[in-house]
Amino acid sequence: MIDYHTHIGQFYDIYTSPSELIRVLDSVGVKRFACSSTTICEGNYDKVLSEMSELVHISENRVFPVLWILPQMLSDDGLLRFINSGIPWRMLKIHPQLHPLSWQCGSRNLQKVVRLAKHLNLPLLIHTGESPGCYPSLFERAIRHNPAVTFILAHGRPLDETISLMQKYPNVLTDTAFMPVEHIAKFCHFGLAHRVLWGTDVPIQRYYNRKEDIMTYYKKRLCGLRDVVSNEHYEIIMSNIIYNVQIVKNSNIMDNTFICAMLAMHTLAAKEAFGANAVVALNAGELGVYENNPTIIEYEQKGYKFCDANMFGEGLERMETLTFQKVNKS
Ligand SMILES: [Zn+2]
């Protein structure tokens, strides 16, 4: 299971260290997770950078580090410091509820961040909700003008606005952080399960409910979701990937960001061509060889049928994605 929305750091009076977060996630079976530090709200760049490097180090590449951008980082040296920090950022994030005026649609700030997401091939997570500056529709223009950028509308609120944007634009995803399970079911009902990312906002619940253990909360969420969506939709949501962190060593062009972008692109295309059940994986075997291929064997054992292959990259730095479709049990 991948959790696309978690945090470490200072949140008001509560502090969560990298090792504490990992302990929670391990105990509930999360294999990989996207994470940002709420310490950024204090504007303490040094502390955030040291927390994030510790997290990358102790999580052994299981983390997708999220670069949470404050408006002020665009004018001081902050953004540059974060980008050059050596932390392998996998997602950008902005929080318009905290800075409603700074991320207005059409503002230079928003344009800069979207351009950065495009340039780095990283998805952009936007905190959305019913507060001034946070409504998803406020970002429609940016979404429409940047089809190459993946926008993740965190929390998916308000529901109707999020659904209508997802229906209009294939580059829009949502995450389930703090989302009522009935709303998750609504996305499935509209055929959008393959663009709903499992995210929990863990461990922010510690602040709102001091009596409940965070692992109990997590397990309840999973059970709650199982209760309202079909097994098939549950599986789709839990297996949604926007990128894969297979490491390619000593490569010039095939860095992980590029590979992740290709995987995300091929996944979207595969779901268009073969339906929401389609999944895409990097070929771990010899390129172009589909007999006794370890990736195909692995997926066939999981009940998938191999249906397509696509190479990308050049020369020695070539890779291939394999597309699979879930076999219907009759
Ligand atoms: Zn959050």
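**Strand E4 and its neighbours**

In strand E4, Pro-65 is the bridge partner of Cys-35. Strands here are DSSP runs of at least two residues, helices (H or I) runs of at least four, and both are numbered from the N terminus. Between E3 and E4 the chain passes through helix H2, residues 45-59, in a right-handed β-α-β crossover. Right-handed means that, with the strands pointing away from the viewer, the path from the first strand over the helix to the second runs clockwise.

A word on the model. It is predicted, so local features need pLDDT of at least 70 and side-chain atom pairs 80 or more, while totals for chains, interfaces and linings use all residues. Residues are numbered from 1 along each chain as its sequence is written. pLDDT is the predictor's confidence in each residue, from 0 to 100. The protein chain averages 91, and 94% of the residues score at least 70. Over residues 244-253, pLDDT stays under 50.

Back to E4. Its other partner for today is strand E5, residues 91-94, joined to E4 by 3 bridges and running parallel. Lys-93 in E5 is the bridge partner of Trp-68. The chain gets from E4 to E5 through helix H3, residues 78-83, and this β-α-β crossover is right-handed.

Which residues of E4 are buried on each side? Val-63, Pro-65 and Leu-67 are buried on one, and Phe-64, Val-66 and Trp-68 on the other. Buried means 20 or more other C-beta atoms within 10 Å of the residue's own, with C-beta atoms placed from the backbone.

Technical notes
Two residues are in contact if their C-beta atoms, placed from the backbone, lie within 7 Å. A residue is buried if 20 or more other C-beta atoms lie within 10 Å of its own, exposed if 12 or fewer, and partly exposed in between; C-beta atoms are placed from the backbone. Two strands pair if DSSP finds at least two bridges between them.
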